[in-house]
Amino acid sequence: MEQLRDEPVDLEVVSTEVVYEGAVWDVRSDTVRYGDGEMTRQYVEHPGAAAVVAIDDEGRVVLIQQYRHPIKERDWEIPAGLLDVAGEPPIETAKRELTEEVDLEADRWQHLLSMHTTPGGNDEVVHLFLARGLRTVETDYEREHEESDMRVERVPLADVIDGVIAGRLRNGILAAGALAAAEILRREAASA
């Protein structure tokens with residue numbers, strides 16, 4: 001059997017328009033030829049993001065908790081940010097966000113995975129990285145809005161995985177990142 005993978009499809013776009021222009025992302029409506037007919041779909045056009053599973057020398061994950069208006073919760077997340085600097089590679093965005101959000105830098109970086117967050121509703125791709133060899137840095141970055149009262153905690157990776165599996169931690173990027181990091185660490189330990 002061939003290696004299992006997602007398959008790109010290049011459909012003819014009959015028409016496209018921005019139906020809502022937002023501050024961070026837009027909503028687009030595309031009509032495409034599909035089979036013998038056409039279909040119209042609206043979706044959020046998203047610049048993408050980078051996120052960081054930062055694990056310290058004690059096996060703890062750096063988590064942030066901040067208010068997210070669409071879900072009306074202060075959810076636990078990993079440091080992340082939009083790919084909103086033209087030409088900036090995702091790894092550089094991840095490094096910048098780690099410093100801006102939690103005043104940390106890392107000596108070792110590893111790509112974990114890239115994922116479509118909601119393929120039926122937006123075109124966002126989030127690139128997740130594992131950061132190790134953490135050190136505190138001083139910054140003058142001014143946190144505002146949801147970040148102004150952000151809580152930062154270091155939590156054992158096993159506790160994060162338990163929270164994800166039990167449904168107490170429901171942020172998808174946190175879940176995917178923590179599970180991927182746990183598997184990478186398991187494989188490293190097995191090959192040592």
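1. How many of the twelve residues of β9 are buried? Nine are, and β9 is mostly covered. Buried means under 20% relative accessible area, exposed over 50%, and partly exposed in between, with a 1.4 Å probe and protein chains only. Strands are DSSP runs of E with at least two residues; helices are runs of H or I with at least four, and both are numbered from the N terminus.

2. A word on the basis. This is a predicted model, in which local features need pLDDT of at least 70 and side-chain atom pairs count only at pLDDT 80 or more, while totals for chains, interfaces and linings use all residues. Residues are numbered from 1 along each chain as its sequence is written, and side-chain values use heavy atoms, leaving out hydrogens and water.

3. The overall layout comes next. The chain holds three helices and ten strands. Their order along the sequence is β-β-β-β-β-β-β-α-β-β-β-α-α. The C-alpha atoms fill a box of roughly 55 × 50 × 35 Å along the principal axes. Of the 192 residues, 36% are buried.

4. Back to β9 and its partners. Strands pair if DSSP finds at least two bridges between them. β4 and β9 run parallel, paired over six bridges. Here Val52 stands opposite Phe129 in β9. β8 and β9 run antiparallel, joined by eleven bridges. Met115 stands opposite Val126 in β9.

5. β8 and β9 are also linked through side chains. Asp107 and Arg135 meet in a salt bridge at 2.4 Å, N to O. Asp107 lies in β8 and Arg135 in β9, so the pair ties together parts 28 residues apart in sequence. A salt bridge is a side-chain nitrogen of Lys or Arg within 4 Å of a carboxyl oxygen of Asp or Glu. Asp107 is exposed, at 55% relative accessibility. Arg135 is partly exposed, at 35%.

6. The largest nonpolar core has 23 residues. Such a core is a set of buried Ala, Val, Leu, Ile, Met, Phe, Trp, Tyr and Cys residues joined through side-chain atoms within 4.5 Å. Val53, Val61, Ile78 and Val160 have the most contacts inside this core. Elements giving two or more residues to this core include β4, β9 and α2. The largest share, five residues, comes from α3. Another core, of 14 residues, lies apart; Leu98, Leu104, Ala106 and Ala131 are among its members.

7. Other salt bridges deserve a look. The count comes to 19. Arg154 and Asp56 meet at 3.2 Å, N to O. Arg154 lies in β10 and Asp56 in the loop between β4 and β5, so this pair ties together parts 98 residues apart in sequence. Arg154 is partly exposed at 32%, whereas Asp56 is buried at 8%. Asp84, Glu88, Arg96, Glu97 and Glu100 are linked in a network of salt bridges.

8. Asp26 lies in β2. Asp26 is buried yet has no salt bridge, and Arg28, the nearest side chain of opposite charge, is 6.0 Å away. Lys and Arg count as positive, Asp and Glu as negative; His and the chain ends are not counted. The Asp26 side chain does reach the backbone nitrogen of Gly22, at 3.0 Å.

9. Glu138 lies in the loop between β9 and β10. Glu138 is exposed, at 82% relative accessibility.

Conventions: Polar contact = N/O pair within 3.5 Å; in protein donor to acceptor, adjacent residues only side chain to side chain.
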